Each structure stands twice: as C-alpha cells, then as structure tokens.
Amino acid sequence: MRKFLAALGLVPFTAYVVLFLIVPTLIAVGSGFTADGGLTLENLPVLFAPETLSAFWASIWLSAVTAVVGAVVGATLCWALAALPEQGPLRRVVDAASSVLAQFGGVMLAFAFIATIGSQGLITVLLRERLGTDIYADGVWLYELPGLVLPYLYFQVPLMVITFLPAVLALRPGWAEAVATLGGRGGSYWLRVGIPILTPAFLGSLLLLFANAFSSYATAAALISQGSQIVPLKIRAALIGETGASLASNAGVLALGMIVVMTIVMFGYGRLMARTARWQG
Amino acid sequence: MSAGIPGRPSPAAARAVVAVIGIVFLIPLVAMLEFTLRNTAGGHDLSHWAALFDPDKARGYRVLAQGVQNSLLLAVISLGIVLVLFFPTIVLVHLRFPRLQRALDLLTVLPIAVPAIVLVVGFAPIYRVIGQTFGSGVWTLALAYGVLVLPFAYRAIAADLTGMDARVRAEAARSLGAGWVTVLVRVIAPGVRRGLLAASLVTIAIVLGEFTVSSLLNRVTLQTALLQISKSDPFVAVAVSLISLVAAFVLLLLVSATGGPPRRRSPGGAAEVRVAPPTTPRAAAPAPSQKEPGRGR
C-alpha cells in the first residue's frame with residue numbers, strides 16, 4: 001500500500017514526459033510515415049534524395065570539423081588549466097566563461113560574428129585597411145556553410161573545456177611522479193600514461209561536440225536566412241513550407257535521419273564515458 | 001606543485017596558453033562593443049547606448065520589451081517545473097525506486113539525443129491542440145522548455161543526491177516522524193542546494209537563450225525579438241546581447257565565488273571532493289564523470 005502511494009507520486013512526471021517528450025518524438029518520426037491519414041513508406045525516398053544527402057553530408061562535415069578543431073583547442077586549454085591552482089582567479093574566470101560561452105549559441109552568437117567578420121566587421125575592416133587583405137575577396141562566405149565554422153567553434157571549445165577538464169584533473173599526480181622516479185620525462189609520460197588514459201574521455205568529448213554541432217539550429221538559422229545547407233535548416237524549410245505545400249512528412253523523414261545519426265553518436269559517447277569512469281572515482 | 005612533474009606545463013607556460021586562447025575568444029566580444037559604439041558619421045561615441053535608454057525611442061523597442069517579459073515569465077514557470085515536478089520525482093526515485101534509476105538516466109538523455117529541431121516537428125501538432133484548449137498564451141511554451149532543460153537539471157540534482165547519503169538521512173527523518181514534504185523540503189533540499197542552484201541557473205540560461213522552439217512555434221521571446229529588431233536596429237540588438245552575456249558571466253562568477261572552498265562530503269573519510277562547477281553545461285550533462293569527480297589524493 002505504501003509502495004502504491006509512492007508509485008502514485010511518479011504519475012505526474014511520467015505523464016509530463018510522455019506528453020512532451022515521448023509523444024512529440026513519436027509524432028516527429030511518425031509524420032514521416034504518414035500521408036493522407038494512412039501509413040506509407042512513400043516519403044522515405046526523400047531521405048535519399050540528392051539534396052537531402054548533400055544536406056546531411058554538409059551537417060556531418062560541419063560537425064566533424066568543428067568537433068575535431070574544438071576538441072584539440074579545448075584539450076590544450078584543459079592541459080594548461082590543470083596546471084593552475086583550482087581556486088585561483090584565472091581558473092574561476094575560465095570556468096565561468098566556459099559555462100556561459102558553451103550556452104552562447106544562436107542569435108546572439110550570430111550577431112557577435114557579424115560584428116567581427118561581417119562585411120563591415122571589426123576584423124574584416126582592420127585586415128582590409130591595415131593589411132590590405134580582403135577575407136571576402138571571393139565573395140562573402142559568412143552567410144554560407146563555411147561561415148558557420150568559426151561561430152560553432154566559439155561554443156565547441158568551451159564545451160570541450162567543460163566535458164574534458166574533469167578527466168584531465170583526474171590524472172593522478174602520483175602517476176607522473178612514478179614516471180619521474182623511473183627516469184621518464186614529459187614525453188614518455190604522455191605517450192605511455194597520459195594519452196592512453198585520456199583517449200576514451202577525449203573521444204567521448206569529441207562525439208559530444210559532434211552531437212552538439214549536429215543538433216544546433218539557432219546559430220545557423222540566424223546567420224543563414226536563405227537556403228538550407230544543413231539538415232536543421234532543411235527541417236525549417238519543410239516546417240514553414242518555404243518551398244511548397246504538404247512538407248510535414250518531409251520534416252518527419254529528415255527528423256528520423258537526424259535521430260538515427262544522433263543515436264549512433266550518443267551510443268558511442270555512452271560507451272566511451274563508461275570506460276572513462278574507471279579512472280575517475 | 002607542477003614544477004618538475006613530467007607532462008605538466010610550468011605555471012608561466014600554462015598562463016600563456018590560457019591568455020592566447022582567451023584573447024582570441026575576447027575578439028568577438030570586443031567587436032560587439034566596438035559595433036555598438038559606432039556612430040553614423042563614421043566615428044565612435046555613446047549615441048546608440050544613449051538611445052537604448054531614450055524614452056522617445058521606447059516604442060520602437062516594444063517587441064524587445066515583450067520578448068524580455070515573455071522570456072522571464074517562461075524562465076519562472078520552467079523553474080517551477082524543475083523544482084516542483086522534476087526535483088521531487090528525482091528524489092522519490094532515488095529513495096524508493098532505486099531500480100528505476102537506470103531507466104531515468106536513459107530517459108533524461110533522450111532530449112539530447114533528440115535535438116530540439118526534431119522535437120519541434122512533434123511539438124507543432126501538439127501546440128495546435130494546446131492552442132485550441134488553452135489559447136495561444138506564451139506560458140504554454142514552458143511545458144516544452146521543461147523537456148529541453150530536463151537532462152541538465154536532472155544531472156545537476158542527481159549528482160548531488162548520490163553525494164549526500166539521501167537514503168540514510170531520509171530514513172532518519174522519517175523515523176523521527178517527519179512527513180514526505182518535510183523530508184523533501186527540510187532534509188533533502190538543503191543537502192542538495194548546490195545541485196538545485198546549478199539546476200536553476202542552467203534552467204534560466206537555457207530558457208533565456210532558447211530560439212529553436214519559440215521561433216518555429218511563432219512565439220515572441222527574447223531571442224526571436226532580438227532577431228526581429230536586429231533587422232531595423234542592429235545596434236540595439238547587439239547591445240542587448242552584449243549586456244545579457246556579460247550579466248550571465250558576472251552572475252556565474254559571483255556564484256562560483258560565493259561557493260567557497262570545496263566542502264567535505266564523505267562520511268568519516270577525509271577524501272577531498274571537487275565541487276562541481278556551478279552550472280552543469282548543456283550537453284556535458286550526461287557524462288558519468290559529472291557525478292563525483294573525486295580526485296584521488
């Protein structure tokens with residue numbers, strides 16, 4: 001009886017999650033398989049249409065590039081941060097800044113980069129007038145796919161710091177001391193101890209960064225108002241019926257494709273993080 | 001402490017690396033500031049900032065004011081969902097249904113694996129029904145935001161809960177005759193106040209920064225209003241963005257400063273427990289490393 005009463009306490013949350021998480025997900029995927037009120041597979045070829053494939057390819061390219069660069073820069077930053085005192089002002093500032101910037105997607109990020117490398121941006125103008133180099137000599141690329149790389153890195157690097165720093169901090173000083181006692185130097189420490197231990201955490205963080213970029217919509221939506229180079233923008237186009245009517249099913253098929261990619265990535269992430277947990281505890 | 005340990009940079013080298021990357025990351029912010037200081041004559045002055053507080057121009061900013069108001073309302077309601085719906089459920093599962101813990105872990109990763117842009121596809125028909133039943137008030141959006149916030153709020157609270165011996169303390173309180181509400185509010189909540197604080201901060205941050213759902217469901221929030229106003233008055237849009245960014249940063253810095261030195265949590269052991277950063281980051285949350293990143297030695 002008591003157990004029953006306690007179980008009753010789970011009802012509101014369960015109802016909420018079913019209504020606002022499970023049902024929307026099912027609708028999103030299911031709408032790809034419905035047409036005229038019946039079930040159908042005839043929308044599925046949309047997933048393999050050339051423009052869909054190129055959007056997926058662009059999304060994956062963008063996510064991979066920003067994930068790899070973001071992970072390498074972020075890991076370097078973690079390596080440096082780990083050597084600084086934990087309660088020191090620099091660590092606190094970087095911690096807080098990373099938390100803010102990792103959340104800093106979307107419209108405001110687009111503004112920041114328009115002000116920096118827009119055609120009248122601070123850096124664009126500086127380079128043009130002081131150094132005589134025009135970064136837009138071949139046309140303005142900020143509002144197209146390559147223009148997303150720098151803004152995305154602006155939230156990828158801080159996210160890497162947040163996810164990877166705990167792993168770097170978990171490296172025990174004793175291991176380094178042991179290497180030193182045995183006559184090893186920095187190089188052999190990293191080669192034989194540091195890198196093997198950090199590899200799962202690094203790859204896990206890399207996948208998380210990939211997932212983060214892959215699912216980002218707001219920044220691209222604010223920067224790119226025309227065309228739909230990446231999958232989230234294709235979903236936007238299908239949802240607001242930019243290019244024609246009755247595209248809800250297209251949005252559903254695209255959503256399904258995104259979920260498939262995200263599931264694979266998150267699964268790999270979960271596996272890698274489970275391995276990482278062995279060294280942190 | 002780091003000098004002489006192989007593999008660690010010297011403090012000077014570490015500071016240099018942090019400084020170089022930090023300066024690169026400051027450039028866009030400086031560019032934003034410079035942009036708001038430009039005047040029509042080609043020089044720099046404070047005219048755009050003055051215009052921001054000019055009552056004569058307030059009419060033009062009505063959309064923005066509406067957006068700010070809506071976003072704040074949504075932040076409050078979402079916070080309510082986190083504290084009144086999520087928190088008690090997380091505690092209940094932790095105390096009474098440990099077997100469901102794993103399922104809850106998986107369930108709360110779902111909003112990350114299913115991106116917001118995908119959820120919107122499913123939200124669209126649901127919100128048509130909600131619009132017919134409850135009207136098109138902006139508050140209904142908070143129900144969707146709760147889902148977006150769930151992974152981060154959950155990790156923040158759950159990590160703290162495992163660290164506080166919640167079961168023992170709850171049993172002690174119950175055996176002294178405390179009711180469920182008393183246990184929750186007076187025993188568990190103070191024990192996980194850091195987690196609750198982190199969950200609250202991340203909730204507010206996500207809601208105030210949310211664009212995907214609100215723009216595609218045609219609601220006016222801070223971000224959609226910013227995008228709209230940037231087309232007529234980019235200076236105001238950039239200035240408001242800069243203000244909110246700096247405000248968020250200062251707020252976090254204050255929270256981490258008042259957080260004080262790491263506290264000891266282990267019962268009886270002297271193990272030093274690293275205090276989790278005040279915010280649980282957006283996507284970092286599902287990392288198992290979030291729970292007790294205890295530093296051996």
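What follows is a short chat about chain B of a predicted model.

Reader: How many helices and strands does chain B have?

Author: The model is predicted, and in it chain B has twelve helices and zero strands. Along the sequence the pattern is α-α-α-α-α-α-α-α-α-α-α-α.

Reader: What share of chain B is buried?

Author: Of the 297 residues in chain B, 42% are buried.

Reader: And which share of the contacts comes from residues 24 or more positions apart?

Author: Counting contacts in chain B with a separation of 6 or more, 72% join residues 24 or more positions apart.

Reader: Switching to annotation. Where does UniProt put the transmembrane regions of chain B?

Author: The unreviewed UniProt entry lists residues 12-33, 72-95, 107-130, 136-157, 196-215 and 235-255 of chain B. Residues 12-33 are 100% helix in the model, with end C-alpha atoms 30 Å apart. Residues 72-95 are also 100% helix, and there the end C-alpha atoms are 33 Å apart.

Reader: Which residues get the domain label in chain B?

Author: The record, again an unreviewed entry, places "domain: ABC transmembrane type-1" at residues 68-255 of chain B. That span is 85% helix and 0% strand, and its end C-alpha atoms lie 23 Å apart.

Reader: Which residues of H1(B) are buried?

Author: B:Ala14, B:Val18, B:Pro28, B:Ala31, B:Met32, B:Phe35 and B:Thr36 are the buried ones.

Reader: Last topic, B:Val202. Which helix is that residue in?

Author: B:Val202 sits in helix H9 of chain B, residues 193-209.

Reader: Why does B:Val202 count as buried?

Author: B:Val202 counts as buried because 25 C-beta neighbours lie inside 10 Å, and the cut-off is 20 or more.

Reader: How far is B:Val202 from B:Phe152?

Author: Their C-alpha atoms are separated by 7.0 Å, although B:Val202 and B:Phe152 are 50 residues apart along the chain.

Key
Residues are numbered from 1 along each chain as its sequence is written. Chains are lettered from A and ligands numbered from 1 in the order in which they are written. This is a predicted model: local features need pLDDT of at least 70, side-chain atom pairs count only at pLDDT 80 or more; totals for chains, interfaces and linings use all residues. UniProt positions are given in the numbering used here, feature names are shortened, and annotations may be inferred rather than shown by experiment. Helices (H or I, at least four residues) and strands (E, at least two) are DSSP runs, numbered from the N terminus. A residue is buried if 20 or more other C-beta atoms lie within 10 Å of its own, exposed if 12 or fewer, and partly exposed in between; C-beta atoms are placed from the backbone. Two residues are in contact if their C-beta atoms, placed from the backbone, lie within 7 Å.
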